[in-house]
Amino acid sequence: MAHLTAFNISVDFPLYHSDNRSLKKTILGKASSRFAQDHKNRPVVQALQSISFSLKSGDRLGLVGSNGSGKTTLLRALSGIYQPTIGSLSMEGRLVSLLDPGQGMNMDLTGRENIRLRGYFLGLPRAEIDHLEADVEDFSDLAQFLDLPVRNYSSGMVVRLAFAMATAFPPELLLMDEWILAGDAAFMEKAKLRVESMVRHADILILASHSATTLTEWCNRLIWLEGGQIKADGKPMDVLGSYLPEHQFQELVVGINAVSSLPPSM
């Protein structure tokens, strides 16, 4: 059974070009809890500080917070992209991360070559790699562009390819950043059903988003990050009641009540 536990996770980013004494004094003199020094006396930015939570099968966790609050950093630490400075992570289950449209892609290879490379990386047999290629080709609608180097793609085409590859297999632990909810309207209408299917079938979901409506629809728990620390952790409407400005929260409540009062679709 899938589970994920983060205990006292902290992530520091050294400021490598701050050896100048006056610059170091200026940085460390700022009235901010996010600047500190590491064991080598280098100034660091404390991107995350003492993050702890535990998730079990069936949990749907949303992350809210202003830009720079630590949401994406936390997702990257959970996915193994960033190594925590201190703390520990424990998880069990097949992990899929939808964090960066270009994540894991070689821009000099063609789209088709990237698909097959992903299959080899996952250890898939030839038949499953062929199935992966056919699925991504059909879903992405990139047609002949699949045989061009990815560096020649538009940003929207990169999103299509990345989305199709990342969502080809059902995960047990699903990490999503809000880029996955953006894109051209025609593609996202098609992609929405695929995302919702992944969310339903994942044992555990962790989603970072600024959309309160999406968070209340998909999540049963929210963590509010501010300055790299947990400011609140609880039921979605309880956390959003503190996080959102009053008028935005009231609009959310009205919207939820309006949807709940609609008759069930036939």
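Helices (H or I, at least four residues) and strands (E, at least two) are taken here as DSSP runs, numbered from the N terminus. The model is predicted, and local features need pLDDT of at least 70, while side-chain atom pairs count only at pLDDT 80 or more and totals for chains, interfaces and linings use all residues. Residues are numbered from 1 along each chain as its sequence is written, and side-chain values use heavy atoms, with hydrogens and water left out.

The chain contains nine helices and ten strands. Of its 266 residues, 43% count as buried, where buried means under 20% relative accessible area, exposed over 50%, and partly exposed in between (1.4 Å probe, protein chains only). Contact is defined as heavy atoms within 4.5 Å. Among contacts between residues at least 6 apart in sequence, 70% join residues at least 24 apart.

E217 belongs to helix α7 (residues 212–218) and counts as exposed because its relative accessibility is 53%. Although E217 and P236 are 19 residues apart in sequence, their C-alpha atoms are 9.4 Å apart in space. M1 lies in the segment before β1 (3–14) and is exposed, with a relative accessible area of 77%. M1 and D203 are 202 residues apart in sequence, yet 8.2 Å apart in space, C-alpha to C-alpha. When neighbours within four places in sequence are left aside, M1 is in contact with S57 and E92.

Helix α2 (residues 71–79), by contrast, is mostly covered, with seven of its nine residues buried. The buried residues of α2 are K71, T73, L74, L75, A77, L78 and S79. G80 follows α2 and has a positive phi, near 95 degrees.

Helix packing was examined next. Two packed helices are described by the angle between their axes and the distance between the axes. Axes are lines fitted to C-alpha atoms, for helices over the stretch in contact, and angles run from 0 to 180 degrees between N-to-C directions. Helix α3 (residues 111–121) and α4 pack at an angle of about 140 degrees, with their axes 9 Å apart. This angle makes α3 oblique to α4; angles under 35 degrees count as roughly parallel, over 145 as roughly antiparallel, 65 to 115 as roughly perpendicular and the rest as oblique. The contact involves R112, I115, R116, G119 and Y120 of α3, together with R126, I129, D130, L132, E133, V136 and E137 of α4.

The axes of α4 (residues 126–140) and α5 (residues 155–166) come within 9 Å and cross at roughly 135 degrees, and these two helices are therefore also oblique to each other. Here α4 contributes D135, V136, F139 and S140, and α5 contributes R160, L161, F163, A164 and M165.

A nonpolar core is a set of buried Ala, Val, Leu, Ile, Met, Phe, Trp, Tyr and Cys residues joined through side-chain atoms within 4.5 Å. In the largest such core, of 45 residues, Y153, L161, L174, M176, W218 and L240 touch the most other members. Helix α5 gives the most to this core, with eight residues. Apart from this core lies another, of 23 residues, among them L48, I206, A208 and L225. Residues up to four places away in sequence not being counted, L174 touches V96, L98, M198, V199, A202, I204, L205 and I206.
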